[in-house]
Amino acid sequence: MTARRLAPTVLPCAIDPQSWDIDEGSYRAGRDAQRECFRCPRLAACRAEVAKMIAAGDPPQSMIWAGVAYRHDGTAVATDRELRVYYNRVEGQRAIERGSAA
């Protein structure tokens, strides 16, 4: 009997990393990214990685990792409302940088 090799899993966060970047993506993309994380076969490994990063004082920044959104300063976004507010703040900042805000 020959051993079967499993094809490597390509993770959604590797295919479309911008959707996991909360300073670049949209609220809808961020919520979709969180849902993808919760279905991911690597969720437990990602959670362990994040725990090590936080313990080392180097939390994720401006991204969704293991289903949790982290602000630009590395603090976790605790609620859906906070996430929406964060995305609105970021979109407002992008508008100012483009010169389209009054």
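Helices here are DSSP runs of H or I with at least four residues, strands are E runs of at least two, and both are numbered from the N terminus. This is a predicted model, where local features need pLDDT of at least 70 and side-chain atom pairs count only at pLDDT 80 or more, while totals for chains, interfaces and linings use all residues. Residues are numbered from 1 along each chain as its sequence is written, and side-chain values use heavy atoms, with hydrogens and water left out.

Let's start with the pocket. At least two lining residues come from each of α1 (12–15), α2, α3 (43–55) and β1 (63–65), and β1 gives the largest share, three residues. By type, the lining has 13 nonpolar residues, no polar ones and two charged. Here Ala, Val, Leu, Ile, Met, Phe, Trp, Tyr, Cys and Pro count as nonpolar, Asp, Glu, Lys and Arg as charged, and the others, Gly among them, as polar.

Next, the rings. There is one aromatic pair in the structure. The ring centres of Y27 and Y87 are 6.1 Å apart and the planes sit at 80°, so this is an edge-to-face pair (centres within 6.5 Å, planes over 60 degrees apart). Y27 is in helix α2 (residues 27–39) and Y87 in helix α4 (residues 80–98), so the pair ties together parts 60 residues apart in sequence. Both tyrosines are buried, meaning under 20% relative accessible area with a 1.4 Å probe, protein chains only.

| Arginine | Ring | Distance to ring centre |
|---|---|---|
| R84 | Y27 | 4.0 Å |
| R89 | Y86 | 4.5 Å |

Finally, the largest nonpolar core has twelve residues, among them W20, Y27, C37, I64, Y86 and Y87. Such a core is a set of buried Ala, Val, Leu, Ile, Met, Phe, Trp, Tyr and Cys residues joined through side-chain atoms within 4.5 Å. Helices α2 and α4 are the elements giving two or more residues to this core, and α4 supplies the largest share, four residues.

Terms used:
Phe/Tyr/Trp six-rings, centres within 6.5 Å; stacked < 30°, edge-to-face > 60°. Buried < 20%, exposed > 50% of the residue type's maximum accessible area, 1.4 Å probe, protein only. Lys NZ or Arg CZ within 6 Å of the ring centre and 35° of its normal.
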